[in-house]
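Q: Hi! Could you walk me through this one before I set anything up?

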Amino acid sequence: MDHLLSLMTFIPLLGMFVVLALPRDNAKLIKITALAFTIPSFLLGVWLYQNFDRSLVTMQFVERFQWIPSFNIQYIMGVDGLSVTMLLLTALLCPICVLAAWEIDKGVKGFFALFLLLETGMMGVFAALDFFLFFIFWEVMLLPMYFLIGVWGGPRREYAAIKFFLYTLVGSVLMLVAMLALYFTNDPHTFDLMVLMDKAPTYTRAFQSWAWIALFIGFAIKIPAFPFHTWLPDAHVEAPTAISVILAGVLLKMGTYGILRICFPIFPLATQDYAFWALAALGTWNIVYGALCAMAQEDMKKLVAYSSISHMGYVMLGMATLTPQGINGAVLQMFNHGTVTAMLFLIVGVIYDRAHHRRIDGFGGLASVMPVYTGIMTIAFFAALGLPGLSAFISEVLVLLGAWQYNQAITVIAASAVVLTAAYMLWMLQRVWLGPVNEKYADLPDVDMREKIMLVPLAIIVMILGVYPHAVLDLMNPTLVALNGIVRDATPAVAALQ
Amino acid sequence: MDLSNVESLRYHWPELVLGAGSIAILMLEVTTRLRARLGEVALLITALALFAVGYTAGADQGYLFNKMIVLDGFALFFKIVLGLAAIGAIWMSTGSRELEGEHPGEYYSILLASTLGMFYMASSTNLLMAYLALEFVSLTSYILAGFLRQKPRGSEASLKYLIYGGVSSGAMVYGLSLVYGLTGTLDFVETGHALGTLMQTPGNGAIIFIALVLSLVGFGYKIAMVPFHQWSPDVYEGAPLPITAFLAVGSKAAGLALLIRFFYPGLSHAGGDGSWVPIPGVDWPSLMVVAAMVTMTVGNLTALRQDNVKRLLAYSSIAHAGYLLMGFVALTDNGLRAMLFYTVVYYLMNLGAFAVLMTVMNGSKGREDMAAFRGLAWRGGALPAAAMLIFCFSLAGLPPFAGFVGKMYLFAAVIEKEMWMLALVAAANSVVGLYYYARIVKAMYLENPIDGDPVIAMDASNAVLVGMMVLGTIVFGLYWTPVVSFADRSLVFFGS
């Protein structure tokens, strides 16, 4: 398996060309082909999960060759405990999303071709270890996303698509400037992230500060952290279900992944300086603000979108604490939020497919109409509100454990917000699933086979990780503890000597 | 080497071919029945001239015609780009519906003559020669811009071009005469040395600065640098589309070549290790930093509001002149290399965008507004729409297209010199740029066609042209080493 990561990344791209070559009117064939090209990446992901050496903190499955020697741009792929977790999440969600998009009937060929391109971009971001390559994959995702929202989205899709595009591009150009500055700071000039990390002690504090901020803005837009979050509710509401799943499940994680992959090890001093305000305080604000906004929503999808903002706040808080518990909790929360929110969006999608609206006050008593659906929904909802025994509980507790050692006031605020989360989740559950049956929807069919296939595996993962988090924690723990050590132990004295 | 007039001729094949071809086409129109095929003849002549450029590439470097023009890597590079620009413009002309029934002989003859002038712009190393070449290109461009005599916009374009051109070349020739008066020489490099010596006498700074700024008016006008850009939107809109493309790509490249040669081997000297040191006392780099920032900002902000795609591309090409100047102000070989690279990339994506626009205009009775692109992808124009999408995103500087790589090199050049302000302004401009390029994409893909919108199909000849541009835009976005090493090898200024 010399080229495992490249295969995982580029098989979907191959799928894109195959889909483009298929006849336009055979929708079924296109869908099956798209599914068939997401499965190999998933299976390779399973193999990767089995064969990933959990004791190492170094990069594994590294591939490297010269791409543009005159600019010292290399093609480097590799995974450590941090990226392997995200890579697996992506590989898991993509086939599910293809299933979720099964009912699409407009421009089928374009949709699935773009979706496969998007998958390549996502895999590439998590596997790339050359900053330039990372940037290319990061940007390559923009284009399919713009169209997937803009062409297949809801009524305000054009606005949502361009807003998403412009917000992300603001972040990208700042990232480009910081990336080039980093490139020229080192001699010999390089984009190799591993070399950039090794040279971290040589960067001056001033340089670290501004480069950190430039990169952070780029990543914060993606998370999205307040005040850069306004694109998210728009994008989510307009995007088709499958794209919402990808957006919440994978794309948001890229923000926090970028901070952990680039800001943390390359600019440890700046990370120490800014961890409190930019990550802990802002993260806590995200938690509370997102929850309060979610409470006020009348559209189920918008509620879930704001809940994402809230839940991503825990990730920011966790990594800000610079404790092993906090940082492990943060990355575990990234994984758990990926699965739980994916379920939430799929659940909203199921009902939207049947009723063609998503108003929370437009339903009632669905529990007796669709029992199986309600059962699956309950798992997702209770996971989202942090019920012990389900996955998100573990990660939130780890984050709060780390936060307690870091700043108790913030911990109290963040922990209290769990009440808000429970409130909006249960309130939505009550209004939509409980109470008297809305006669209009008394005969909605329950989930069918396709919907079970996409929801049940996620539900199982959520339950397993609730009692046995080590299945994922073991993957990432050594890497994250080492990363945490690098940042926590970085001292300005070394930089001053340079 | 420094050759006399007669000796120079054998290194002068490209220009001879173009000059002879230009006259031959006029003759052919009158004497033969080739009238309908003159475009192909012009194409052949330009291709021949390009081969001749390749032939001179093997020759030594040196001065020709008693130091009037120079044969070096830099000139060769631009001659190739200009030749390709001419080929693109002629290729488009053969399929253009607006040019049907116009006088093809005169048209192609003047187009070739204009290319000849641009070749001289790329290689002149003498103030007088530079001025003559620039004026020659201007005069031919005035005629070409107003070639559609039936179209009121065309005459307006031509007249505006003439007036702006006249004023700026007047300012320029005054500036050049001051330079000559101060230094007593017309040779670029010698004037540079002489001005450097003069600067050591206090009190000379002001007059030299005025002379340089006045000269800059002429160069700025050619590359559409703010504030000398006002002609370009009107001229771009009024001129026949192939000419618009030719002006946007060729004229700009030629202006750039002259600008670089005047300021780099002329007004600065190589400082070793890839950097350039400007002559002391005259702070033209700072002036150009401001010009670059203003140019890209004005171009982008004005482009936001355009509803006519031709005008939009005109303003976008002003913005791109601003981006190109990022490489100019870095005062390094890396900056120059970035400019050369971007010139190639800009040629590919801009000419491609104009070619797609022509397909749309041909198919919709000459309409060139945003509405003509409405739902293009859904009414038969899947291929032109996909191509336009690639050109737009490449112009916006998104990977994996060549436009991104070009922009990355320009950013790298200014970041290497730690010019943060310029880098941030350019970064902000990239975002603004995306908005209006995405408007075209939005119109093509996100909007649905309305009843009565014509079916757009690309004819084979245009499809080949667009296809080549698409190929270049994608391939050089993924693997650009050949272009960069070519640009690198071309950074040879003879005589400096």
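A: Happy to, and let's begin with B:Thr473: beyond its neighbours within four places in sequence, B:Thr473 is in contact with B:Leu348, B:Met349, B:Gly352, B:Ile390, B:Phe391, B:Ser394, B:Phe401 and B:Ala402. Keep in mind that this is a predicted model.

Q: Okay, where does B:Thr473 lie?

A: B:Thr473 is part of helix H18 of chain B, which covers residues 460-478.

Q: And is B:Thr473 buried or exposed?

A: Buried: 23 other C-beta atoms lie within 10 Å of B:Thr473, and the cut-off for buried is 20 or more.

Q: How far apart are B:Thr473 and B:Tyr108?

A: In sequence they are 365 residues apart, and in space B:Thr473 and B:Tyr108 are 28 Å apart, C-alpha to C-alpha.

Q: Switching to the two chains, how many residues are in contact there?

A: On the chain A side there are 23 residues, in contact with 24 residues of chain B. Helices H5 (131-140), H6 (142-152) and H7 (157-185) of chain A each supply at least two residues of the side of chain A that touches chain B. The largest share of that side comes from H7(A), with 13 residues.

Q: What classes do the residues on that side of chain A divide into?

A: The side of chain A that touches chain B has 19 nonpolar residues, two polar and two charged.

Q: What about strands E1 and E2 in chain A, how do they pair?

A: Strand E1 (residues 60-68) and E2 of chain A pair in the antiparallel sense, over six bridges. Within that pairing, A:Phe65 has A:Tyr75 in E2(A) as its bridge partner. E2(A) spans residues 73-79 and is mostly covered, with six of its seven residues buried.

Q: And what sits between E1(A) and E2(A)?

A: The two strands form a hairpin with four residues between them, and A:Asn72 in the turn has a positive phi of about 50°. A:Asn72 counts as partly exposed because 18 C-beta neighbours fall inside 10 Å.

Q: Which residue in chain B has a positive phi near 55°?

A: That would be B:Glu418, a residue other than glycine. B:Glu418 lies in the loop between H16 and helix H17 (420-446) of chain B. B:Glu418 is exposed, with 10 other C-beta atoms within 10 Å.

Q: Last topic: at what angle do H13 and H18 of chain A pack?

A: Helix H13 (residues 300-320) and helix H18 (residues 408-433) of chain A pack at about 160°, and their axes are 12 Å apart. Angles over 145 degrees count as roughly antiparallel, so H13(A) and H18(A) are roughly antiparallel to each other. H13(A) passes H18(A) in a left-handed crossing.

Q: Which residues meet there?

A: From H13(A), A:Met300, A:Leu303, A:Ser310 and A:Leu317 meet A:Ala414, A:Thr421, A:Tyr424 and A:Met428 in H18(A). By class, this contact of H13(A) with H18(A) has six nonpolar, two polar and no charged residues.

Definitions and conventions
Residues are numbered from 1 along each chain as its sequence is written. Chains are lettered from A and ligands numbered from 1 in the order in which they are written. This is a predicted model: local features need pLDDT of at least 70, side-chain atom pairs count only at pLDDT 80 or more; totals for chains, interfaces and linings use all residues. Two residues are in contact if their C-beta atoms, placed from the backbone, lie within 7 Å. Ala, Val, Leu, Ile, Met, Phe, Trp, Tyr, Cys and Pro count as nonpolar, Asp, Glu, Lys and Arg as charged, and the others, Gly among them, as polar. A residue is buried if 20 or more other C-beta atoms lie within 10 Å of its own, exposed if 12 or fewer, and partly exposed in between; C-beta atoms are placed from the backbone. Two strands pair if DSSP finds at least two bridges between them. Axes are lines fitted to C-alpha atoms, for helices over the stretch in contact, and angles run from 0 to 180 degrees between N-to-C directions. Angles under 35 degrees count as roughly parallel, over 145 as roughly antiparallel, 65 to 115 as roughly perpendicular and the rest as oblique. A crossing is left-handed if the near helix is turned anticlockwise from the far one by less than a right angle, and right-handed if clockwise.
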